[in-house]
Amino acid sequence: MSIGSGIATGKIILMGEHAVVYGEPAIAFPFAGAKVQVEMIGSTANTLISSYFHGFLADVPIHMKNVRELLLRLQQDFQTGPVQTTIVSTIPSERGMGSSAAVAVALTRAFFDWIGHPYQKEELMQYVDFSEKIAHGNPSGIDAAATSGHDAIYFVKGQPITSFPLTIDGYLLVADTGIKGQTREAVKSVAHLFDTDRTLASQAIQQIGQETQLAKQAIIGNQLAALGQAMNHAHQALQSLGVSNTSLDHLVTTARQHGAFGAKLTGGGRGGCLIVLTDTKEKAEAISHILLSEGARATWIQGLGVYEHV
(Lines give C-alpha, C1' and ligand atoms only; values in the text may rest on other atoms or scores of the structure.)
Protein backbone atom coordinates (compact mmCIF):
# COMPACT_ATOMS: atom_id res chain seq x y z
CA MET A 1 0.00 0.00 0.00
CA SER A 2 1.31 3.41 -0.91
CA ILE A 3 2.23 5.84 1.84
CA GLY A 4 2.00 9.60 1.31
CA SER A 5 4.26 11.94 3.24
CA GLY A 6 4.47 15.69 3.58
CA ILE A 7 6.62 18.11 5.57
CA ALA A 8 6.29 21.77 6.49
CA THR A 9 8.38 24.10 8.64
CA GLY A 10 7.37 26.45 11.38
CA LYS A 11 7.54 30.19 10.90
CA ILE A 12 9.07 33.07 12.79
CA ILE A 13 8.13 36.74 12.64
CA LEU A 14 11.46 38.53 12.50
CA MET A 15 10.17 42.09 12.52
CA GLY A 16 6.96 44.08 12.41
CA GLU A 17 4.76 42.61 15.16
CA HIS A 18 1.73 44.76 15.96
CA ALA A 19 2.89 47.53 13.63
CA VAL A 20 1.73 45.43 10.66
CA VAL A 21 -1.87 45.94 11.85
CA TYR A 22 -1.41 49.68 11.29
CA GLY A 23 0.01 49.48 7.78
CA GLU A 24 3.72 49.05 8.52
CA PRO A 25 5.72 46.17 6.97
CA ALA A 26 6.51 42.85 8.62
CA ILE A 27 9.12 40.18 7.88
CA ALA A 28 8.59 36.47 8.52
CA PHE A 29 10.43 33.39 7.32
CA PRO A 30 10.34 29.60 7.39
CA PHE A 31 11.86 28.15 10.54
CA ALA A 32 13.18 24.66 9.93
CA GLY A 33 14.20 24.27 13.57
CA ALA A 34 10.62 23.16 14.22
CA LYS A 35 8.51 21.25 11.71
CA VAL A 36 5.48 19.07 11.01
CA GLN A 37 5.55 15.70 9.26
CA VAL A 38 2.37 13.97 8.07
CA GLU A 39 2.01 10.42 6.74
CA MET A 40 -1.08 8.89 5.12
CA ILE A 41 -2.00 5.34 4.24
CA GLY A 42 -5.26 3.82 2.97
CA SER A 43 -7.52 2.49 5.71
CA THR A 44 -11.02 1.12 6.33
CA ALA A 45 -12.01 4.33 8.15
CA ASN A 46 -10.75 7.91 8.50
CA THR A 47 -8.53 7.88 11.58
CA LEU A 48 -6.10 10.39 13.04
CA ILE A 49 -3.00 9.80 15.13
CA SER A 50 -1.41 12.84 16.79
CA SER A 51 -0.16 14.05 20.16
CA TYR A 52 -3.49 15.82 20.72
CA PHE A 53 -5.88 13.12 19.53
CA HIS A 54 -5.91 9.46 18.54
CA GLY A 55 -9.11 8.00 17.08
CA PHE A 56 -11.75 8.43 14.40
CA LEU A 57 -11.56 11.65 12.39
CA ALA A 58 -15.24 12.34 13.08
CA ASP A 59 -14.47 12.54 16.80
CA VAL A 60 -11.64 15.11 16.74
CA PRO A 61 -11.90 17.92 19.32
CA ILE A 62 -13.15 21.34 18.23
CA HIS A 63 -9.66 22.89 18.11
CA MET A 64 -8.75 20.40 15.37
CA LYS A 65 -11.84 21.08 13.26
CA ASN A 66 -9.67 22.67 10.56
CA VAL A 67 -7.70 19.40 10.16
CA ARG A 68 -10.89 17.34 9.86
CA GLU A 69 -12.54 19.68 7.37
CA LEU A 70 -9.38 19.98 5.23
CA LEU A 71 -9.00 16.21 4.93
CA LEU A 72 -12.69 15.73 4.11
CA ARG A 73 -12.49 18.49 1.49
CA LEU A 74 -9.47 16.85 -0.16
CA GLN A 75 -11.17 13.44 -0.18
CA GLN A 76 -14.30 14.93 -1.69
CA ASP A 77 -12.45 16.90 -4.38
CA PHE A 78 -10.32 13.93 -5.44
CA GLN A 79 -12.88 11.15 -4.76
CA THR A 80 -10.66 8.99 -2.56
CA GLY A 81 -11.36 6.42 0.14
CA PRO A 82 -10.62 6.73 3.87
CA VAL A 83 -7.09 7.13 5.23
CA GLN A 84 -5.12 6.79 8.42
CA THR A 85 -3.34 10.12 8.99
CA THR A 86 -0.39 10.48 11.36
CA ILE A 87 0.77 13.96 12.41
CA VAL A 88 4.09 14.45 14.17
CA SER A 89 4.92 18.03 15.10
CA THR A 90 7.75 19.75 16.96
CA ILE A 91 6.11 23.17 16.54
CA PRO A 92 4.63 24.33 19.85
CA SER A 93 1.07 25.60 19.62
CA GLU A 94 0.08 29.13 20.65
CA ARG A 95 3.64 30.41 20.31
CA GLY A 96 3.27 32.36 17.08
CA MET A 97 5.22 29.77 15.08
CA GLY A 98 2.56 28.95 12.50
CA SER A 99 1.54 25.57 13.87
CA SER A 100 -1.91 25.38 12.24
CA ALA A 101 -0.68 26.55 8.82
CA ALA A 102 2.25 24.11 8.92
CA VAL A 103 -0.10 21.21 9.69
CA ALA A 104 -2.31 22.22 6.75
CA VAL A 105 0.69 22.46 4.39
CA ALA A 106 2.14 19.11 5.48
CA LEU A 107 -1.25 17.36 5.39
CA THR A 108 -2.08 18.61 1.90
CA ARG A 109 1.37 17.66 0.63
CA ALA A 110 0.99 14.19 2.16
CA PHE A 111 -2.43 13.74 0.55
CA PHE A 112 -1.13 14.79 -2.87
CA ASP A 113 1.83 12.44 -2.44
CA TRP A 114 -0.50 9.58 -1.41
CA ILE A 115 -2.63 9.90 -4.56
CA GLY A 116 0.33 10.79 -6.81
CA HIS A 117 -1.08 14.19 -7.72
CA PRO A 118 1.39 16.73 -9.14
CA TYR A 119 0.50 20.22 -7.98
CA GLN A 120 1.47 23.87 -8.28
CA LYS A 121 1.94 26.07 -5.23
CA GLU A 122 -1.28 27.96 -6.00
CA GLU A 123 -3.30 24.76 -5.61
CA LEU A 124 -1.57 23.93 -2.33
CA MET A 125 -2.27 27.45 -1.04
CA GLN A 126 -5.98 27.19 -1.84
CA TYR A 127 -6.35 24.24 0.51
CA VAL A 128 -4.12 25.77 3.20
CA ASP A 129 -6.15 28.99 3.05
CA PHE A 130 -9.35 26.94 3.41
CA SER A 131 -7.97 25.34 6.59
CA GLU A 132 -6.60 28.61 7.99
CA LYS A 133 -9.96 30.37 7.60
CA ILE A 134 -11.53 27.69 9.77
CA ALA A 135 -8.73 28.01 12.33
CA HIS A 136 -8.38 31.79 12.43
CA GLY A 137 -11.33 33.37 10.64
CA ASN A 138 -9.46 35.96 8.56
CA PRO A 139 -5.80 34.94 8.25
CA SER A 140 -3.23 37.36 6.79
CA GLY A 141 -1.60 34.65 4.67
CA ILE A 142 1.80 35.19 6.27
CA ASP A 143 1.79 31.81 8.05
CA ALA A 144 0.72 29.92 4.94
CA ALA A 145 3.37 31.59 2.77
CA ALA A 146 6.19 31.20 5.31
CA THR A 147 5.51 27.57 6.30
CA SER A 148 5.36 26.42 2.68
CA GLY A 149 8.39 28.20 1.21
CA HIS A 150 12.11 28.83 1.61
CA ASP A 151 12.41 32.61 1.38
CA ALA A 152 11.77 35.48 3.76
CA ILE A 153 8.31 37.04 3.45
CA TYR A 154 7.83 40.82 3.28
CA PHE A 155 4.26 41.77 4.06
CA VAL A 156 2.30 45.02 4.08
CA LYS A 157 -1.40 44.94 4.92
CA GLY A 158 -3.55 45.15 1.80
CA GLN A 159 -0.63 44.46 -0.56
CA PRO A 160 0.55 41.21 -2.16
CA ILE A 161 3.05 39.22 -0.11
CA THR A 162 6.54 39.40 -1.63
CA SER A 163 9.60 37.31 -0.87
CA PHE A 164 13.35 37.83 -0.82
CA PRO A 165 16.24 35.43 -0.14
CA LEU A 166 17.16 34.83 3.48
CA THR A 167 20.92 34.94 3.02
CA ILE A 168 22.75 36.48 5.94
CA ASP A 169 25.71 34.80 7.61
CA GLY A 170 24.36 34.32 11.09
CA TYR A 171 22.31 32.06 13.33
CA LEU A 172 18.94 32.57 14.93
CA LEU A 173 18.11 31.11 18.31
CA VAL A 174 14.44 30.88 19.22
CA ALA A 175 13.63 30.51 22.91
CA ASP A 176 10.22 29.66 24.37
CA THR A 177 9.36 31.44 27.63
CA GLY A 178 7.00 28.61 28.46
CA ILE A 179 4.17 31.12 28.72
CA LYS A 180 1.39 30.99 26.12
CA GLY A 181 1.42 34.11 23.97
CA GLN A 182 -1.49 36.48 24.58
CA THR A 183 -1.86 37.94 21.11
CA ARG A 184 -5.51 38.94 21.41
CA GLU A 185 -4.94 40.78 24.71
CA ALA A 186 -1.77 42.44 23.39
CA VAL A 187 -3.54 43.69 20.26
CA LYS A 188 -6.34 45.17 22.40
CA SER A 189 -3.74 46.80 24.64
CA VAL A 190 -2.07 48.53 21.68
CA ALA A 191 -5.44 49.74 20.42
CA HIS A 192 -6.19 51.12 23.90
CA LEU A 193 -2.83 52.92 23.95
CA PHE A 194 -3.82 54.70 20.73
CA ASP A 195 -6.88 55.98 22.60
CA THR A 196 -5.00 57.11 25.70
CA ASP A 197 -1.61 58.24 24.29
CA ARG A 198 -1.78 58.48 20.53
CA THR A 199 1.61 60.18 20.23
CA LEU A 200 3.48 57.45 22.09
CA ALA A 201 1.68 54.67 20.22
CA SER A 202 2.18 56.29 16.80
CA GLN A 203 5.90 56.88 17.40
CA ALA A 204 6.44 53.27 18.48
CA ILE A 205 4.52 51.88 15.51
CA GLN A 206 6.42 54.08 13.06
CA GLN A 207 9.75 53.10 14.60
CA ILE A 208 8.95 49.41 14.27
CA GLY A 209 8.12 50.01 10.60
CA GLN A 210 11.39 51.85 10.03
CA GLU A 211 13.41 49.15 11.79
CA THR A 212 11.68 46.49 9.69
CA GLN A 213 12.77 48.23 6.49
CA LEU A 214 16.32 48.54 7.85
CA ALA A 215 16.27 44.84 8.73
CA LYS A 216 15.32 43.88 5.19
CA GLN A 217 18.23 45.88 3.78
CA ALA A 218 20.59 44.39 6.38
CA ILE A 219 19.59 40.85 5.35
CA ILE A 220 20.00 41.60 1.65
CA GLY A 221 23.37 43.29 2.33
CA ASN A 222 24.57 40.54 4.73
CA GLN A 223 25.03 43.06 7.56
CA LEU A 224 24.67 41.12 10.79
CA ALA A 225 25.37 44.01 13.17
CA ALA A 226 22.80 46.23 11.44
CA LEU A 227 20.17 43.50 11.66
CA GLY A 228 20.90 43.01 15.35
CA GLN A 229 20.59 46.74 16.00
CA ALA A 230 17.25 46.87 14.21
CA MET A 231 16.02 43.94 16.34
CA ASN A 232 17.11 45.67 19.56
CA HIS A 233 15.42 48.94 18.62
CA ALA A 234 12.25 47.08 17.63
CA HIS A 235 12.10 45.36 21.01
CA GLN A 236 12.39 48.72 22.75
CA ALA A 237 9.46 50.01 20.69
CA LEU A 238 7.43 46.88 21.51
CA GLN A 239 8.20 47.44 25.19
CA SER A 240 6.83 50.97 24.96
CA LEU A 241 3.66 49.53 23.40
CA GLY A 242 3.26 47.33 26.48
CA VAL A 243 3.37 43.98 24.69
CA SER A 244 6.48 42.53 26.33
CA ASN A 245 6.64 41.11 29.85
CA THR A 246 9.22 40.54 32.59
CA SER A 247 10.10 37.03 31.37
CA LEU A 248 10.71 38.17 27.78
CA ASP A 249 12.67 41.24 28.89
CA HIS A 250 14.85 39.21 31.25
CA LEU A 251 15.76 36.64 28.60
CA VAL A 252 16.32 39.32 25.93
CA THR A 253 18.67 41.23 28.25
CA THR A 254 20.47 38.03 29.24
CA ALA A 255 21.07 37.10 25.60
CA ARG A 256 22.52 40.52 24.80
CA GLN A 257 24.76 40.41 27.87
CA HIS A 258 26.24 37.15 26.60
CA GLY A 259 27.20 38.31 23.13
CA ALA A 260 24.06 38.32 21.00
CA PHE A 261 24.03 40.80 18.11
CA GLY A 262 20.34 41.39 18.75
CA ALA A 263 17.38 39.97 20.65
CA LYS A 264 13.66 40.69 20.72
CA LEU A 265 10.27 39.13 21.30
CA THR A 266 8.59 37.49 18.33
CA GLY A 267 4.87 37.18 17.72
CA GLY A 268 2.05 38.67 19.76
CA GLY A 269 4.02 39.06 22.97
CA ARG A 270 2.99 38.90 26.65
CA GLY A 271 4.67 35.48 26.55
CA GLY A 272 5.51 33.15 23.70
CA CYS A 273 8.99 33.27 22.22
CA LEU A 274 11.98 35.53 21.74
CA ILE A 275 14.59 35.44 18.99
CA VAL A 276 18.34 35.92 19.35
CA LEU A 277 20.84 36.72 16.57
CA THR A 278 24.42 35.40 16.72
CA ASP A 279 27.33 35.13 14.32
CA THR A 280 28.17 31.46 14.99
CA LYS A 281 26.33 28.27 15.85
CA GLU A 282 28.61 27.83 18.86
CA LYS A 283 27.56 31.21 20.25
CA ALA A 284 23.90 30.35 19.66
CA GLU A 285 24.35 27.05 21.51
CA ALA A 286 26.14 28.77 24.40
CA ILE A 287 23.37 31.38 24.78
CA SER A 288 20.78 28.61 24.48
CA HIS A 289 22.22 26.85 27.55
CA ILE A 290 22.24 30.13 29.47
CA LEU A 291 18.63 30.97 28.58
CA LEU A 292 17.48 27.48 29.57
CA SER A 293 19.18 27.94 32.94
CA GLU A 294 17.42 31.31 33.28
CA GLY A 295 13.91 29.93 32.77
CA ALA A 296 13.41 29.35 29.05
CA ARG A 297 11.35 26.22 28.42
CA ALA A 298 12.84 25.14 25.07
CA THR A 299 15.14 26.46 22.33
CA TRP A 300 15.72 25.93 18.61
CA ILE A 301 18.58 27.05 16.37
CA GLN A 302 18.60 27.78 12.64
CA GLY A 303 21.36 28.95 10.32
CA LEU A 304 20.41 31.93 8.16
CA GLY A 305 23.13 31.66 5.51
CA VAL A 306 22.64 30.47 1.94
CA TYR A 307 20.80 27.11 1.92
CA GLU A 308 21.26 26.78 5.70
CA HIS A 309 17.53 27.11 6.26
CA VAL A 310 16.27 24.83 3.48
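**Notes on a helix pair and some salt bridges**

1. Let's start with helix 5 (residues 183-196) and helix 6 (residues 198-220): their axes come within 5 Å and cross at roughly 130 degrees. Helix 5 is therefore oblique to helix 6. Please keep in mind that this is a predicted model.

2. Which residues make the contact? Helix 5 contributes Leu193, Phe194 and Thr196, while helix 6 brings in Arg198, Leu200, Ala201, Ser202 and Ile205.

3. On to charge pairs: the structure holds five salt bridges. One of them joins glutamate 17 to lysine 264, with the closest N and O atoms 2.8 Å apart. This pair links distant parts of the chain, 247 residues apart: glutamate 17 sits in the loop between strand 1 (3-15) and strand 2 (26-42), and lysine 264 lies in strand 9 (residues 262-266). Are glutamate 17 and lysine 264 buried or exposed? Both of these residues are buried.

4. Another salt bridge pairs arginine 68 with glutamate 69, and here the closest N and O atoms are 3.1 Å apart. Arginine 68 has a relative accessible area of 21%, so arginine 68 is partly exposed. Glutamate 69 is also partly exposed, at 24% relative accessibility.

5. Within helix 3 (residues 121-136), aspartate 129 and lysine 133 are four residues apart, which means that about one helical turn separates them. Their side chains meet in a salt bridge at 3.4 Å, N to O. Aspartate 129 is partly exposed at 30% relative accessibility, and lysine 133 is partly exposed with a relative accessible area of 47%.

Note on methods
Residues are numbered from 1 along each chain as its sequence is written. This is a predicted model: local features need pLDDT of at least 70, side-chain atom pairs count only at pLDDT 80 or more; totals for chains, interfaces and linings use all residues. Side-chain values use heavy atoms; hydrogens and water are left out. Axes are lines fitted to C-alpha atoms, for helices over the stretch in contact, and angles run from 0 to 180 degrees between N-to-C directions. Helices (H or I, at least four residues) and strands (E, at least two) are DSSP runs, numbered from the N terminus. Angles under 35 degrees count as roughly parallel, over 145 as roughly antiparallel, 65 to 115 as roughly perpendicular and the rest as oblique. Contact means heavy atoms within 4.5 Å. A salt bridge is a side-chain nitrogen of Lys or Arg within 4 Å of a carboxyl oxygen of Asp or Glu. Buried means under 20% relative accessible area, exposed over 50%, partly exposed in between (1.4 Å probe, protein chains only).
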